[in-house]
Amino acid sequence: MSTERTFSPGKKNTTPLTERSAYTALVAHFEQASGLQLRDLFAADPQRAEKFSLEAAGLFLDYSKNRITAETVSLLLALARESGLQEHIAAMFAGEKINITENRSVLHVALRSARTDVYVSDGHNVVPEVHDVLDRMAAFASRVRSGEWKGYSGKPIRNVVNIGIGGSDLGPVMAYEALRYYARRDMIFRFVSNVDGTDFAESVHDLLPDETLFIIASKTFTTLETMTNAHTARQWLLAAAKDPAHTAKHFVAVSTNAGEVAAFGIDTANMFGFWDWVGGRYSMDSAIGLSTMLAVGPENFTRLLAGFRAMDTHFRTAPLEHNMPVIMGLLAVWYNNFFGAQTVAVLPYDQYLKRFPAYLQQLTMESNGKSVTLSGERVDYETGPIFWGEPGTNGQHSFYQLIHQGTKLIPCDFIGFAQSLNPLGNHHHLLMANVFAQAEALAFGKTEAQVRLEGTPEWLVPHRTFDGNRPSNVILAQKLTPEILGALVALYEHSVFTQGAIFAIDSFDQWGVELGKVLAKKIAAELAAPDDYTLQHDPSTNALLRRYRQYRQ
């Protein structure tokens, strides 16, 4: 593979972040802005909420409860421009090889393109290939969902088990949970990712082999965890089906390695491919989303893609000052690089989005968990923050105490919907009341004077005082539809892109994952070696391996 770097959008990107003039201006501005109080900012400007809010692709963003002024935003936008963000955006959509360490284009936006769109990689338009795969997926999904596709005993498929890991698991399982309202309720969908045998065993323990379809999602069809689980799945099937020829009726592949797929026993006519310009964590709307399409149907999957596309269009065309992903990305930089806030809490107030924070962990931290710039220099500043979260209101009875009164500054993204998909009594009003109340409480807190007015004993006043001034975004939509899920995912994708452009890092490789994989393969062989095999690791690792062998005996 060529390692030649083909991406250099403008000379400005060669200037280290901390030496850019806009960054220097932000450092000076921070000396005054760090002491700003949200109480004072809102008291001084009754129109603040209108000034610091945006709408795009069915989403409304209120970012007024952030520790910013108009000058802060102006300086952050200047940093974005000086960092070449607009050139970076143009380069991505043009198919330039902005993943420089792997010499690849980054065209996940093409996965949700309209048929008439044009996205070019290596000199040819990839859109027809994308829609060919989508059409094949739709035809296959229709056969399975209608009962036309049958297992070895002649029964239709009732159970679908997706076997993958990383982006081949987190995206599909998040999308299935998020869109479960739209899913077939007479079918069971399970997801296996962990190489721990318990994951597979518990996923199939109540399933019948002759009614079960496995989707093996691995681009190379060599991923250790995925293929270990895939071979176990085949053994589980054949224990009942007996004839290896029946494998083709119960396994399909999402892969590009036709030789390995055929050797496994899968008919390559049932292999759905994708491309090296699709990163795993950006692939849920590619063939990796086959389980999603099987669950919700081709029509709803098309609606999901439309939501992605709407946010893509906004990101590509909206001015930076009115660009929702850009604003969110810049706010993340503001807190990460100036306030020293090392984490971001994502708090969806919808049970269907319970796996959304876990999905964002890979999207954000695998993308921007880098310490080397595009030019190969070591950074002298913070890069990607840690993302975490749980659905509300559960988190309120778990970790919100630390967010409200702890010593750490934790910016929060609250996500809520005006309409519930399952309206029950006053449940939804109570749910959404908590969204607004938590954001308000974090921003404004409760002063000592207010606590005293409540008649609180003086010794208890410090304990019941809330400093406030804790920043948050509130993202609202009418209701959780396939379109809105697509827009929401794309919003965070492009926010991550914005941060990566400012950090001057490659947001689309993940070399940090590789070393552990290589060592694991070596150690796995050693664990099965004779006891007198000479271990060649550090003393700690050698001692652990010997202890493991002892416990096994």
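Predicted model: local features only at pLDDT ≥ 70, side-chain atom pairs only at ≥ 80, totals over all residues.
Now, what does R158 do with its side chain? The side chains of R158 and E211 meet in a salt bridge, with N to O at 3.5 Å. This pair links distant parts of the chain: R158 sits in the loop between α6 (127-146) and β5 (159-163), while E211 sits in the loop between α8 (197-204) and β7 (212-217), 53 residues apart. And is E211 buried or exposed? With a relative accessible area of 10%, E211 is buried.

As background, side chains of opposite charge can pair when their charged atoms come close. How many salt bridges does the structure hold? There are 23.

Let me show you another one. K354 forms a salt bridge with E177, and their closest N and O atoms are 4.0 Å apart. K354 is in the loop between β10 (343-348) and α15 (356-368), and E177 is in helix α7, residues 167-178, so this pair ties together parts that are 177 residues apart in sequence. Here K354 is partly exposed, at 38% relative accessible area, whereas E177 is buried, at 13%.

While we are on this topic, there is also a network: salt bridges that share partners join R112, D285, D312 and E493. Let's zoom in on two of its members. D312 and R112 meet through their side chains in a salt bridge, at 2.6 Å from N to O. D312 belongs to helix α13 (residues 298-317) and R112 to the loop between α5 (85-93) and β3 (120-121), so the pair ties together parts that are 200 residues apart in sequence. Both D312 and R112 are buried.

Next, please find helix α6. Its 20 residues, at 1.5 Å a residue, should span 28 Å, and the end C-alpha atoms are 28 Å apart, which agrees. Several residues of α6 are buried, among them V127, V130, L134, M137, A141 and V144. What do the buried residues of α6 pack against? They pack against β4 (124-125), β7, β8 (251-254), β9 (271-272), α12 (290-296) and α13. Just after α6 comes G147, with a positive phi of about 95°.

The axes of α13 and α14 come within 8 Å and cross at roughly 75°. The two helices are therefore roughly perpendicular to each other. Where they meet, M311, H314 and F315 in α13 face M324, P325 and V326 in α14 as contacts.

Last stop, a sheet. Six strands form an open sheet with mixed pairing, in the order β1-β2-β13-β12-β10-β11. Which strands are at the edges? They are β1 (53-56) and β11 (386-388), each pairing on one side only. On average, neighbouring strands of this sheet are turned by 15° against each other, direction ignored. Inside the sheet, β12 (residues 412-417) and β13 (residues 472-477) run parallel and are joined by six bridges. If you want a place to look, D413 stands opposite N473 in β13.

Terms used
Residues numbered from 1 in each chain as written. Heavy atoms only, no water. Helix = DSSP H or I, 4+ residues; strand = E, 2+ residues; numbered from the N terminus. Buried < 20%, exposed > 50% of the residue type's maximum accessible area, 1.4 Å probe, protein only. Expected span 1.5 Å × (residues − 1). Contact = heavy atoms within 4.5 Å. Pairing = 2+ DSSP bridges. Axes fitted to C-alpha atoms, helices over the stretch in contact; angles between N-to-C directions. Parallel < 35°, antiparallel > 145°, perpendicular 65-115°, else oblique.
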